[in-house]
Amino acid sequence: MNARIFLVFAAAALAAGPVLAQGPLTPPGAPGPTMKTLEQVEPRTAITNVPYTITRSGSYYLAGSLTSATHGVTIATNGVTLDLMGHALSGDRSGSGYGVYVYHASGLALRDVVVRNGSLRGFGHGVWAKLAQSSRFEDLEVSRNLWNGILLDGLGGQCNGNAIVRCLLSSNGLAAVYLNGSSGQCDGNRIVQCAIDGNVDDGVQLNGDSGTCDGNLLADCAITGNGDMGIYLTSGAGQCKGNRIAGCLVNRNRDYGIYLYGTSGQVSGNLLAGCTVVSNASFGIVLNGNAGRCEGNMVADCTVGENGGSGIRLNVAAGNRVENNRIYDFGGGTRYGIECVASTNNIVVANSSGGHLYDFSLSVRDIYGPVVTNIGELATNGVSAHPWANFSQ
């Protein structure tokens, strides 16, 4: 009996488990930090003096606003992020240096460079990216530089696949943005959501002279008050093909609004869509084959008005399409709405033009919808109901 009682109590004790002493009831304090700092996530190097040359990949930042009599920051390797931190890099406008110079002394192409968030002013070029690829320049104010604001330079090589995003470019001595494909390539770059104002020469220039400047995108930019062309595509002896200009405001420039110029090469297969081209001192939109070729381009869904010359002019141009544009000048200052000169096989359809001496002056060698001049309610059949009709107001 005693043995049975002992076994019962032993089993009960095992089932209950050990009885442990209680710890202190006072909380141990606030928990320690578990998030990593920015320096732990992405170690960064401060730039406290210029000129400064970056030769190792990584992240760098400007510690404050700095001034240089030569270059500001030279980036000479791949995989660099330079954050200006809202500060300014300033030069002395002597032309002896560039604000940010992306360049390898041996002529190698540099990739995956990012420059962002600050001001570049008073240099020769604000940014000179020579043979840069897959790089990005964003949220920059680039102003009062002696020559170009931002130069993407493919001279003798490739400067492809770069992006210029949300930049303000003003009062530079040449073009605000210059894409140079001379004797090389400057292809597949993007210029988007930029404000380009008051530069001495062109707002944006794409140059394919003896090379290529193809497949670039210019979109959603305001290009105003520049001293020459708003947007200028020129082939030289090379080509400027397959570019897209979309949703841009182009106004108050001192020469043409948008100019495609074949020179002695090709400016072909480009798309101009949904742009507003108004109040430029000379022609609104010009496609000019000159001694070269200006073929297969399309101008569609644009509003073009009150420019100093013809709204849309095709000169020695072939096989282009002009469709669904609104051209106006009710002040009577412009002779032609849409004008075709020495052109062949262009298609001109579904446009409306009003207020010019000649709303449409088309070549017999072109293809075009009938020009409707009716006043009042349009008929539901006949010429005024033609699906490709052009309307003169």
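Ten aromatic pairs turn up in this structure, a pair being Phe, Tyr or Trp rings (for Trp, the six-membered one) with centres within 6.5 Å. It's a predicted model, where local features need pLDDT of at least 70, side-chain atom pairs count only at pLDDT 80 or more, and totals for chains, interfaces and linings use all residues. Residues are numbered from 1 along each chain as its sequence is written, and side-chain values use heavy atoms, with hydrogens and water left out.

**Aromatic rings**

- Tyrosine 101 and tryptophan 128 have ring centres 5.4 Å apart and planes at 35°, so they make a tilted pair (planes under 30 degrees apart are stacked, over 60 edge-to-face, the rest tilted).
- This pair links distant parts of the chain, with tyrosine 101 in strand 8 (residues 100-102) and tryptophan 128 in strand 11 (residues 127-130), 27 residues apart; strands are DSSP runs of E, at least two residues, numbered from the N terminus.
- Both tyrosine 101 and tryptophan 128 are buried, meaning under 20% relative accessible area with a 1.4 Å probe, protein chains only.
- With centres 4.5 Å apart and planes at 90°, the rings of tyrosine 256 and tyrosine 259 are edge-to-face.
- Ring pairs also tie Tyr232, Tyr256, Tyr259, Tyr261 and Phe283 into a cluster.

**Nonpolar cores**

- The largest nonpolar core has 72 residues, and Ile75 and Leu89 have the most contacts inside it (a core is a set of buried Ala, Val, Leu, Ile, Met, Phe, Trp, Tyr and Cys residues joined through side-chain atoms within 4.5 Å).
- Apart from that one lies another core of seven residues, including Tyr256, Tyr259, Phe283 and Val286.

Conventions. Buried < 20%, exposed > 50% of the residue type's maximum accessible area, 1.4 Å probe, protein only. Helix = DSSP H or I, 4+ residues; strand = E, 2+ residues; numbered from the N terminus.
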